[in-house]
Amino acid sequence: MNNEELKNRVLTLVPESIITENKQFLTVIVPPDKLHKLAEELRYSEDTVFDYLFCLSGVDLKDTLMVVYHLTSTVYYHDIVLKVNTTDRINPQFDTVSDIWRTADFNEREVYDFFGIKFNNHPDMRRIFLDETTIKGFPFRKDYVDKNIIER
Amino acid sequence: MKYEDFKDNETLKLFEQSGGNILLTTVDAVINWGRSNSVWPLTFATSCCGIEMMATGASRHDFARFGIEVYRASPRQADVIVIAGTIVRKMAPVLKRLYDQMSEPKYIVAMGACAVSGGPFYYNSYSVVRGVDEILPVDVYIPGCPPRPEALLYGIMQLQRKIQKESFVNRKKIQK
């Protein structure tokens, strides 16, 4: 399917999504409560088999926290990018997609470790790389302050 | 390296004046010669300097010629720990525990810029320990990123000369 057909497909499933044009992949910004349903539909429907989540990353824009999902299909070789936003910086949460793509299990733990974004219904929501006793807080946020850092 | 540099004893004189032992009997000399020519390191390599250490142990620059015959996997059986690689704050207690488990006499060689002073991660890093001498007493520092195998061999030779100047019976060690 090319980008036009994918765009129509996504808009029929989730009409409130915002599509951004002129990027390398077709980029869709979904509301956070529709994410899980859209992801499930994209994975399991016969004409868009998005069975490979090849990148899951967190982003900290100054006032919003975002999670970006890059999906591709090993059957049709088309790609799509899903983004979810939240302005809640104290307790940000999204739904997990680790029941749809198993690789999201570790990737979401990494996003929690560095940004503090929790994922609902995740099987094992805890830090994966950093050590809680030496590093408190979430280093990749823009407002992270470390007393021991040597600035340059 | 030049033969004159290797035989240069001024730094050794400084070391002796600063408190290393001077009185060496013949027995001490023989024992120290034996000890310095058979230091066995612990397997410890964290990052890129570990690859250079493996290259030094391979056949082109072979450090089994210098007495580093075999790597011991258990810290109880090792003499020296060559800290090759970046030490992050999660790794630091583990390294301290390994060092505590080694039995005396033990030595430390800090290899590479990250182990000497934090290296390229000195500024703006939230998780790197700025140099292994924040947690452990180091005997020999080898700068470089990564140091060439010849530089690592030079560092090992310096460690050997340092061991030969010690008195086996009355060994002073700086405790940290």
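In which sense do β2(B) and β3(B) pair, and over how many bridges? They pair in the parallel sense, over 5 bridges. The views below come from a predicted model, in which local features need pLDDT of at least 70, side-chain atom pairs count only at pLDDT 80 or more, and totals for chains, interfaces and linings use all residues. Residues are numbered from 1 along each chain as its sequence is written, while chains are lettered from A and ligands numbered from 1 in the order in which they are written.

View 1. Chain B has 7 helices and 4 strands, where helices (H or I, at least four residues) and strands (E, at least two) are DSSP runs numbered from the N terminus. Along the sequence these elements follow the pattern α-α-α-β-α-β-α-β-α-β-α. The 4 strands form an open sheet with parallel pairing, in the order β1-β2-β3-β4; two strands pair if DSSP finds at least two bridges between them. β1 (41-42) and β4 of chain B are the edge strands, each pairing on one side only. B:Val82 stands opposite B:Val109 in β3(B). α7(B) lies across β2, β3 and β4 of chain B and runs at about 170° to β4(B); axes are lines fitted to C-alpha atoms, for helices over the stretch in contact, and angles run from 0 to 180 degrees between N-to-C directions.

**View 2. The largest nonpolar core.** A nonpolar core is a set of buried Ala, Val, Leu, Ile, Met, Phe, Trp, Tyr and Cys residues joined through C-beta atoms within 7 Å. A residue is buried if 20 or more other C-beta atoms lie within 10 Å of its own, exposed if 12 or fewer, and partly exposed in between, with C-beta atoms placed from the backbone. The largest core has 35 residues, of which B:Ile81, B:Val82, B:Ile83, B:Val109, B:Ala110 and B:Met111 touch the most other members. Elements of chain B giving two or more residues to this core include α4 (48-57), β2 (80-84), β3 (107-111) and α7 (149-164). Leaving aside residues up to four places away in sequence, B:Ala110 touches B:Ile83, B:Ala115, B:Val116, B:Val132, B:Val138, B:Tyr141 and B:Ile142; such contacts have C-beta atoms, placed from the backbone, within 7 Å. A second, separate core of 26 residues includes A:Leu35, A:Leu65, A:Val97 and A:Phe119.

**View 3. The mixed sheet of chain A.** In chain A, 5 strands form an open sheet of mixed pairing, in the order β1-β2-β5-β4-β3. Its edge strands are β1 (18-20) and β3 of chain A. Neighbouring strands of this sheet are turned by 20° against each other on average, direction ignored. β3(A) and β4(A) pair in the antiparallel sense over 8 bridges, and A:Leu53 stands opposite A:Leu71 in β4(A). α3(A) packs on the sheet, touching β3 and β4 of chain A, and its direction makes about 10° with that of β3(A).

**View 4. Helix α3 of chain A.** Because 9 of its 12 residues are buried, α3(A) is largely enclosed by the rest of the structure. Among the buried residues are A:Ala104, A:Arg109, A:Tyr112 and A:Phe115. Their cover includes β3 (52-60), β4 (65-72) and β7 (118-120) of chain A. α3(A) is followed by A:Gly116, whose phi is positive, near 90°.

Technical notes:
Contact = placed C-beta atoms within 7 Å.
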